[in-house]
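Here are my notes on the model you sent over. Have the structure open while you read, and go through the points in order.

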Amino acid sequence: MGQNTTLQEQYERLGISEEVFRFGEQVLTELKERFEEIDRIAEYNQLKVVKAMQDAKVSEACLCGTTGYGYNDLGRETLEKVYANVFHTEDALVRPQITCGTHALALALMSNLRPGDELLSPVGKPYDTLEEVIGIRDSRGSLREYGISYRQVDLLPDGSFDYDNIAKALSERTKLVTIQRSKGYQTRPTLSVDRIGELIRFIKERKPDVICMVDNCYGEFVETREPADVGADMVVGSLIKNPGGGLAPIGGYIAGKKECVENAAFRLTSPGLGKEVGASLSALPAFYQGLFLAPTVTAGALKGAVFAANLYERMGFAVVPDSKESRHDIIQAVTFGNPEAVIAFCQGIQAAAPVDSFVTPEPWDMPGYDAQVIMAAGAFVSGSSIELSADGPIKPPYAVYFQGGLTWQHAKLGILKSVQSLVEKGLATVVF
Ligand SMILES: *Cc1c(COP(=O)(O)O)cnc(C)c1O
């Protein structure tokens with residue numbers, strides 16, 4: 001094809017019909033202001049990250065890794081300073097040895113709780129994988145096995161905090177409160193940083209010494225403020241989501257009060273060694289550059305989520321968040337009500353991938369889940385969900401959870417491919 005190929009023809013070459021393309025373009029004309037707002041937040045956060053790097057005196061030498069024990073690892077120590085600057089915390093632990101988000105959260109909990117302490121979740125059930133960490137579901141080495149109890153206060157039916165029962169649940173023994181920012185794979189609304197602040201204020205008024213931890217997964221850089229700006233003592237997340245900017249190949253972070261971070265370091269490596277060891281190997285350039293790109297990558301993913309909400313709502317499906325709602329994480333849920341559409345959606349997303357676009361995802365029995373799950377992921381980093389990805393449990397209400405996209409343009413292609421896939425199977429119709 002020559003230079004005269006139009007944009008629409010480029011889409012056609014990727015399997016998007018003229019009708020689906022025009023539908024997308026029409027919906028986009030209404031999203032100009034939303035996208036401008038997302039760009040302003042990205043601009044603000046880009047400046048925040050650059051300033052954090054400059055203040056920490058990031059130098060060329062910081063990009064060289066260490067091996068072995070990793071003593072005096074300048075790049076690692078400086079990166080941890082950068083994270084502390086970005087999240088406005090006293091200190092941070094940012095390591096390739098933290099294998100994923102669940103590990104980072106488990107580490108933060110296990111290192112800051114002691115036998116006899118109680119953990120409280122005032123926002124309902126935590127993310128699935130934390131059930132075994134806490135011992136809600138039995139597991140080897142859970143907090144419960146070590147004599148750390150757990151208490152949970154659910155949100156009220158309208159999504160608001162159940163302040164009466166939170167006040168009652170705070171006891172002598174409550175040592176740590178865990179607050180999950182993102183809804184994850186639930187239907188409750190994601191918490192804004194403002195709302196997290198209100199909750200922390202309420203808790204600290206009653207128990208000033210309690211540690212307030214925020215599971216920040218999927219929330220980083222969606223707003224201009226982060227949880228420590230509203231009083232969180234510890235902020236925890238995964239580097240293969242927002243803050244890794246798609247480049248980090250592994251890793252997690254814990255940013256927070258010096259003592260909390262120190263506790264986590266002593267647990268990650270060893271009592272006595274703490275932050276002093278842990279070679280960064282060759283991970284540092286991707287960690288720095290990924291963080292540098294994270295505000296704009298997050299903005300691209302966010303535009304994709306808003307675009308998807310608007311398209312699917314227009315086609316008559318229930319979407320959470322809806323087309324107009326303000327956003328506090330990058331996850332978009334679409335409820336289809338039938339398994340065929342869930343499968344078609346995920347196959348459309350897969351077909352847009354840069355890697356493994358030719359494979360057809362099928363539902364499978366994933367360990368730890370009570371129903372089959374279908375997943376679409378054609379990622380450069382395996383399992384990375386800041387890259388364009390989707391998954392759906394094959395059970396009522398037959399919803400898919402969609403997130404990521406390293407660029408807005410790629411997220412757009414993925415969403416159009418999902419629409420195309422549904423339309424071709426007669427499972428949806430575009431509406432002008
Ligand atoms: C992804 C996620 C986790 C767990 O992270 P993994 O890297 O998948 O282990 C925890 N909490 C929330 C809210 C998440 O989105």
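1. Start with the lining of the largest cavity: Ser121, Val123, Pro126, Leu130, Thr178, Gln180 and Asp215. Keep in mind that this is a predicted model. By type, that lining splits into three nonpolar residues, three polar ones and one charged.

2. How much space lies in the largest cavity? About 30 Å³. The count of cavities of 30 Å³ or more comes to one.

3. Asp215 turns up again if you follow the chain: β5 covers 211–215, and Asp215 is one of the cavity-lining residues. In the loop between β5 and β6 (234–238) you'll find Tyr218, and that residue deserves a look. Its phi is near 75°, a positive value in a residue other than glycine. Is Tyr218 buried or exposed? Tyr218 is buried, since its relative accessible area is 3% and the cut-off for buried is under 20%.

4. Lys57 isn't a glycine either, yet it has a positive phi of about 55°. You'll find Lys57 in the loop between α3 (32–55) and α4 (74–87).

5. Now the cis peptide bonds. One runs from Val320 to Pro321, with omega near -5°.

6. Another cis peptide bond joins Pro396 and Pro397, and here omega is about 5°. Pro397 also belongs to a loop, the one between β11 (389–393) and β12 (399–403).

7. Stepping back to the whole chain, the secondary structure comes to 12 helices and 12 strands. Along the principal axes, the C-alpha atoms fill a box of roughly 65 × 50 × 40 Å. Why does the radius of gyration agree with a compact globule? Because a compact globule of 432 residues would have a value near 22 Å, and the protein chain has 22 Å.

8. Buried residues make up 57% of the 432 in the chain. Among contacts with a separation of 6 or more, 70% are between residues 24 or more positions apart. The chain exposes about 18,200 Å², and carbon and sulfur atoms supply 53% of that area.

Methods:
Residues numbered from 1 in each chain as written. Predicted model: local features only at pLDDT ≥ 70, side-chain atom pairs only at ≥ 80, totals over all residues. Heavy atoms only, no water. 1 Å grid on protein atoms, 1.4 Å probe; cavity = no way out; pocket = protein on both sides within 12 Å on 5 of 7 lines; lining within 4 Å. Points joined across faces, edges and corners; volume = space filled by probe spheres on them. Nonpolar A, V, L, I, M, F, W, Y, C, P; charged D, E, K, R; others polar. Helix = DSSP H or I, 4+ residues; strand = E, 2+ residues; numbered from the N terminus. Rg over C-alpha atoms; globule rule 2.2 N^0.38 Å. Buried < 20%, exposed > 50% of the residue type's maximum accessible area, 1.4 Å probe, protein only. Contact = heavy atoms within 4.5 Å. Areas by Shrake-Rupley, 256 points an atom, 1.4 Å probe, with all protein chains shown as cover.
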